[in-house]
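I opened this entry to keep a record of what I looked up in one chain, element by element. The notes follow the order in which I went through the model.

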Amino acid sequence: MTRECAVLLPGVCAALADPRQPGLDDTCLEKLLDWFRSLTWFDPTVELLQNNPCLTELLTSVLALPDPSPSILSFTLQLAGILASSESRFQHLQQEKLLERLFGQEGLRGGAAWEDASVRSAWVKGVHSMVHHQPALHFLCSTGGMDVIFALQGDPSLFVASAASQLLVHMLTFSLESETSKALSAKDSDWPACAQMIVKHIEESLQSSSAPHIEQSLKLLSSLFGSCFGNCYAAWTEVLWLNIAKQIESFLLEETVQAQPVLANLLLNVARSPVFCGTEGSFWTLVTSALEHLTPVQAGPLAVGLLKLCKCPQDVRIQALTVLLQPMDCILRAASQPLEYAGLLDESVSDPVTVESLLSSKTSCAGLLCQTLAHLEKLLSLKHLRVDLPCVSLLRSLMTILQFCNGFLSPTSPLGSTISRNLINCFRVQKSALDVLAALSEKKDCDTLIGSLFDVLLAYLHSPNTSPTVLKKTFQATSKWLVHLQELSCSNSQWQQTEKIFEDVFLVLQKRLCSPCWEVRDSSLEFLTAMVKCLRDQKEFRQCLLSSEVLRLTENLLEDPESYVRASAVTAVGHLAFITCFAPESPVRGSQYNKENTVAKLQEILSTDSEGFPRRAVISIFTAWLREGCTGQLEDTEQFVSRVIQTVEHDLDWEVRLGGLELVEVFCSQTICKLSQCPYAPVSSAVTSSTPQKQLLEVFCRAKLFGFLFRSLCDCDKPVGQRACDVLIGLRGHFYPMSTLENPQEIEDSPAGRGIAWLQRTLRQGSLAQNFPTDGGDGLDFQDPESMMLALGAIDLLELHDELNKSSDHVEESPQSLLQDILATVGTIEDNEVDCY
């Protein structure tokens, strides 16, 4: 603690304990606690309390108050726990008889303050901070503190109950840290005293007839096995599990117990423990029993968790997959009768009637399917799935669900009719099914259904009943399957089918681009952009695109009244330009879609559009063009970049200015590569004035880069200044590769010396110098190569970089400032109060 803080602290403690003072803001109190945490973390000695007796006095004073405010009492409890986190300070507070009054059973419990949930929460947090040494554990076990924690597990406040459960996990784990020598021969009698109390409490609760107590203990066990306990204390884990396994098994079989979701989570956390990595043993038998006896909704999370485990036995893994596929199998079987196609499963894990009844119910049908589809999407995203998914049947089931949802399928079976009625226009299920459908496009064995699949997708794209959010998902799935279709047609010459699908897609896209709903127009443009990115090199795609009205309609949307749509249109036009303008044999050369027209339109948007989104989109597209070398010869690119940055540097949107800096960075790296003989070889200081270096400086000066970069250093938005500084440091690294910076005396004597000194002073003012003179000020010419070479070598860019990366509150949020703010807030001097306000 600094001397300044030590001087201020007594006043702060006195103010906190004074009931006449107005209450402090909770944020201030939390910052004060953070400061004490950092102080005690680095210094475990008792000197903090000995040198600052005001801290002990604060605890005593608050305890003496007849009716302390909940916020001050909560602060005091947490502060006491933080101070007692080291053994020496704990003993000091014990001698003062403070800890028992705060954390003992007869302390605050039962008083009026205890009724406030924030006080109970602070009590738990204080204990949690304190329990980092054995004396604290013994104190809680001997003074009745454990009973308080056990009671708080069932607290009406979920925050308090959760914190109490986490505290017990911490205490059990910590109590075993000193007993590692017994771990190899662990048995019930070897539990340390604190751990024994917790384990006994768990076992008694599980055997009680109280449903809340059973659920609390199951949640505690689940947290315990899910923490480091299950991984670091294998022997103790096994002892604990053997003690409770029979009871857990009985809960699975008893329909009266309402804790099945917690049981599923508990079993999954136990399965992750290395103790049960073997394929033999009663544990996995219990897991398979759980998969059979839990409802499909309860078993789903357990099943998907098991499938992610690499050590799960194969028979359990197959059973878990069967649980997930059962609803999809039921959908497929309900769609037609007699059964036209084989289902997904040869046999079920649990009674199929259970799944059928859930899907037959209006209230549970959508929930079960959404959960199942979310789990399947997770599985499809895994790189290594250790079971084979029946992808063809799964795809057929997904198509059936989507047809049920839009009413395009009329099943003959009674079950199918019921499910169809439950799912009609169910947006939740549609979105989930389309997500899984998109994920299935990565699989290679669904080719036989591709025609039927596009029939379903096109029906959704055409239908006026498709909601905008579902349409967006349909577009995303369609773009992924179009890529798969293109790969397929290249390999088996199915050109006609591919061409027909492309034609149908562009017909519906034309219709959607004219939609009165702006979300639909926006999604349509995003879909077009996604297609162009993936398929622009494919002949069939280009032909269908150019023979449609899509180009004209997309260009019209550059003037859409909605700024999001204009931004998406800019992005689409920018990517379409790779086909219409920049292709080696552009099929529309000489038309209205030529390069000059497209560039002019986008530059007009950059300089005139009233909204930031379209302007950001333009600068992103210009940078993409530059990266791909689409802006012509170096002279053309130089003029292009110069025009863009002169527009961008006056833009009011900082993200547009930041985009301009990214454009400059790409231009600089490309120009250096073009003009340097070997762009990767280090350049010695002896050749820094060689022709390539001089040419580089001349190009950068003609493009007016340096004025833009140095002005950006003083931008009022810090990310802009930081990016400009990074670019300048990169340039200096090229022109001064051996860190041979300029001699300050030589610069001062040079013609540009006065201007460079002015620039250094101006840059040190940072954002205070926002009105940066456009001509450079004091005669500094930003377009003079020699002056800019000297400036790069003389300006302390690393110092500027450090300043720009400093947090804006690095001074204001110091501990000293915090203590001063607290004293000002609770001060009684009238002038002080007015100043603070």
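Below are my entries, beginning with the ground rules and the whole chain.

**Ground rules.** I am working on a predicted model, in which local features need pLDDT of at least 70 and side-chain atom pairs count only at pLDDT 80 or more, while totals for chains, interfaces and linings use all residues. I number residues from 1 along each chain as its sequence is written, and the side-chain values I quote use heavy atoms, with hydrogens and water left out.

**Whole chain.** I counted secondary structure and found 44 helices and 0 strands, where helices (H or I, at least four residues) and strands (E, at least two) are DSSP runs numbered from the N terminus. I then looked up burial, and buried residues make up 54% of the 837 residues in the chain; here buried means under 20% relative accessible area, exposed over 50% and partly exposed in between, with a 1.4 Å probe and protein chains only. For contacts, meaning heavy atoms within 4.5 Å, I noted that 71% of those between residues at least 6 apart in sequence join residues at least 24 apart.

**Helix H1.** I took H1 (residues 3-17) next: its 15 residues reach 22 Å from the first C-alpha to the last, close to the 21 Å expected at 1.5 Å a residue, the expected span being 1.5 Å times one less than the number of residues. Where does H1 bend? I located a bend of about 30° at Leu-9, with a proline, Pro-10, following within four residues; the bend at a residue is the angle between axes fitted to the seven residues ending there and the seven starting there. The buried residues of H1 are Cys-5, Leu-8, Leu-9, Val-12, Cys-13, Ala-15, Leu-16 and Ala-17, and what covers them includes helices H2 (26-42), H4 (54-64), H5 (70-83) and H43 (815-826). As background for reading such a list, I noted that an α-helix has 3.6 residues a turn, so residues three or four places apart point the same way.

**H1 against H4.** I looked up how H1 and H4 pack, and their axes lie 9 Å apart at an angle of about 5°; axes are lines fitted to C-alpha atoms, for helices over the stretch in contact, and angles run from 0 to 180 degrees between N-to-C directions. H1 and H4 are therefore roughly parallel to each other, given that angles under 35 degrees count as roughly parallel, over 145 as roughly antiparallel, 65 to 115 as roughly perpendicular and the rest as oblique. On the H1 side the contact is made by Leu-9, Pro-10, Cys-13, Leu-16 and Ala-17, and on the H4 side by Cys-54, Leu-55, Leu-58, Ser-61 and Val-62.

Arg-120, Trp-123, Val-124 and Val-127 in H8 meet Gly-145, Val-148, Ile-149 and Leu-152 in H10. I followed the chain to Ser-157, in the loop between H10 and helix H11 (158-177). Is Ser-157 buried or exposed? It counts as buried, at 16% relative accessibility, and Ser-157 touches Ala-117 and Arg-120, not counting residues up to four places away in sequence.

**Helix H15.** I found that the 20 residues of H15 (residues 234-253) reach 28 Å from first C-alpha to last, close to the 28 Å expected, although H15 bends by about 45° at Ile-244. Ile-244 is itself among the buried residues of H15, which also include Trp-236, Trp-241 and Phe-251.

I checked phi and found it near 60° for Lys-97 and near 60° for Lys-704. Most residues other than glycine have a negative phi.

I placed Leu-385 in the loop between H21 (362-381) and H22 (391-406), partly exposed at 23%. Leu-385 and Leu-307 are 78 residues apart in sequence but 7.5 Å apart in space, C-alpha to C-alpha. Lastly, Thr-474 lies in H26 (residues 468-492) and is buried at 0% relative accessibility; leaving aside neighbours within four places in sequence, Thr-474 is in contact with Leu-434, Leu-457, Tyr-460 and Leu-461.
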